[in-house]
Amino acid sequence: MLRIIRQKVGSGDVTVLLFKQSLQNQSQGSSRCLSRMAKESLLIRNLRHVRGFSHYAFPGVPVNSQPVRKVVGFSHDSPYQVWSRSFASQNGDLIDAVVPHMGESITDGTLASFLKKPGDTVRMDEPIAQIETDKVTIDVASPTAGVIQKFVAKEGDTVTPGTKIAVISTAEDVVTHVAPSEEISDKATTSPPVESEKVEKPQPKAEAIIKDKPILPPVPPLKTSATEPQLPPKDRERRVPMTRLRKRVASRLKDSQNTYAMLTTYNEVDMTNLMKLRSEYKDAFLEKHGVKLGFMSGFVKAGVSALQHQPIVNAVIDGEDIIYRDYIDISIAVGTPKGLVVPVIRNTDKMNFAEIEKEINTLAKKANEGTMSIDEMTGGTFTISNGGVYGSLLSMPIINPPQSAILGMHTIVQRPVGVNGSIVLRPMMFVALTYDHRLIDGREAVFFLRRVKDVIEDPQRLLLDI
């Protein structure tokens with residue numbers, strides 16, 4: 001005798017099949033039926049990839065449209081052995097992709113864009129989305145290899161570390177279940193996943209969508225657009241939300257103006273000797289070190305020498321104290337399509353020209369690609385900004401908090417200057433030092449800028465340390 005008991009347990013259905021042996025007058029036919037059912041049960045037990053018994057038809061058990069967890073057993077007085085098996089539910093094959101830790105000083109970010117679409121196959125650690133923070137753009141990597149089931153966040157959402165943004169399926173095969181129907185045969189229920197994907201969308205819904213299309217009038221879109229303000233051509237505007245990076249830059253620069261007593265001093269530098277040095281050794285420099293010799297490394301070394309002669313420029317105010325730094329980490333301002341970033345070159349006082357040029361090239365490349373980390377942008381003690389690459393003749397740079405000064409470079413222009421009583425054309429550059437006048441007096445600022453000028457105009461001073 002076969003009894004089928006269907007119960008609700010937790011979030012899944014449980015079907016219990018009870019086989020009970022007949023009493024002493026058991027017929028031969030019922031015995032054969034009982035034997036056949038036992039064999040079918042044992043056959044399904046050996047199928048390792050079965051996720052639910054609903055994929056296979058039992059006599060008297062309907063085919064369900066959703067996967068269910070089932071337990072098969074026998075009564076205690078049955079001669080057959082009682083067995084059970086745990087089957088993984090769909091939740092066991094789904095892994096959440098969450099926002100990673102974004103740095104000590106960053107608590108949230110904006111979901112800038114998705115790099116994948118639902119249904120795309122991803123590898124482990126492959127980026128699937130980008131988070132834009134106040135300082136850098138961070139990739140959200142897939143925690144496992146699989147297929148993106150869905151996104152649970154939208155572009156533009158503010159997210160924090162640990163926020164779930166996507167669901168990744170790690171199932172080896174994807175089985176699509178259709179609604180119950182009397183026309184479904186046993187062969188259809190055991191069809192491979194590829195065939196089942198073809199019937200993922202029920203036909204009635206598709207027909208409803210097709211039928212609804214002719215009914216939709218084209219008038220509403222026109223009315224919606226008509227209600228929007230139509231500005232004359234000369235007054236047309238576009239409103240675009242500020243990126244988090246731009247908001248951060250604006251906030252820091254305004255805070256700098258509100259906090260510091262900023263003052264700027266200027267000077268001009270004759271670039272003749274540095275340009276001559278670069279022209280004579282650029283080929284040999286490139287051949288030996290694999291990087292071009294530029295002017296920035298010369299100004300970094302000049303800035304290091306000036307900071308060593310005027311350590312107060314490398315210091316910072318903290319409350320009612322002054323913190324002096326015995327190390328020199330110079331920040332280099334880099335303009336990118338997404339905004340201004342300031343990567344840091346560590347321990348520049350211990351680096352030579354080649355090492356500085358290599359580090360500048362590496363950081364500039366990362367800045368333009370948006371792959372710079374938080375650690376590479378924090379901790380600088382002094383900043384150099386080169387507006388000359390854009391053609392700036394003269395400007396007043398703004399201090400990069402929490403630093404106390406910034407050096408501004410500008411474009412090189414041939415100008416007439418007096419040399420040994422004669423007027424000659426020389427390649428000249430204006431340089432500017434903006435400093436916090438609460439900490440740095442004019443005397444130290446002028447001496448600092450004079451040291452930069454002396455080293456650039458006579459690079460041999462660096463070799464002799466004079």
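**Entry 1. Basis**

I note that this is a predicted model, in which local features need pLDDT of at least 70 and side-chain atom pairs count only at pLDDT 80 or more, while totals for chains, interfaces and linings use all residues. Residues are numbered from 1 along each chain as its sequence is written, and side-chain values use heavy atoms, with hydrogens and water left out.

**Entry 2. Strands 9 and 11**

I took helices (H or I, at least four residues) and strands (E, at least two) as DSSP runs, numbered from the N terminus. Two strands pair if DSSP finds at least two bridges between them. Strand 9 (residues 146–151) and strand 11 (residues 164–169) run antiparallel and are joined by four bridges. I then traced the open sheet of four strands, whose order is 4-11-9-6 with antiparallel pairing. Strand 4 (94–98) and strand 6 (121–122) each have a single partner strand and stand at the edges, so one side of each lacks a neighbour in the sheet.

**Entry 3. Aromatic pairs**

I counted ring pairs of Phe, Tyr and Trp (its six-membered ring) with centres within 6.5 Å; planes under 30 degrees apart are stacked, over 60 edge-to-face, and the rest tilted. The structure holds two aromatic pairs. Phe114 and Phe151 have ring centres 3.9 Å apart and planes at 20°, so this pair is stacked. Phe114 belongs to strand 5 (residues 109–114) and Phe151 to strand 9, so the pair ties together parts 37 residues apart in sequence. I read a relative accessible area of 18% for Phe114, which is buried; buried means under 20% relative accessible area, exposed over 50%, and partly exposed in between (1.4 Å probe, protein chains only).

Phe382 and Phe448 form a tilted pair, at 5.3 Å centre to centre and 55° between the planes. This pair links Phe382 in strand 19 with Phe448 in helix 10 (residues 442–457), distant parts of the chain 66 residues apart. I found both Phe382 and Phe448 buried.

**Entry 4. Strand 19**

I followed Phe382 to its strand. Four of the five residues of strand 19 (residues 382–386) are buried, so the strand is largely enclosed by the rest of the structure. Strand 15 (residues 330–332) pairs with strand 19 in the parallel sense over three bridges, and Ser331 stands opposite Thr383. Strand 20 (residues 405–409) also runs parallel to strand 19, joined by four bridges; here Thr383 stands opposite Ile406.

Grid points are joined across faces, edges and corners, and a volume is the space filled by probe spheres set on them. Three cavities of 30 Å³ or more were counted, and the largest cavity holds about 50 Å³. Helix 7 (272–289) and helix 8 (295–309) are the elements that give two or more residues to its lining. Leu274, Arg278, Phe295 and Phe353 are among the lining residues.

Twelve of the 15 residues of helix 8 are buried, so this helix is largely enclosed by the rest of the structure. Its buried residues include Met296, Lys301 and Leu307.

Definitions and conventions
1 Å grid on protein atoms, 1.4 Å probe; cavity = no way out; pocket = protein on both sides within 12 Å on 5 of 7 lines; lining within 4 Å.
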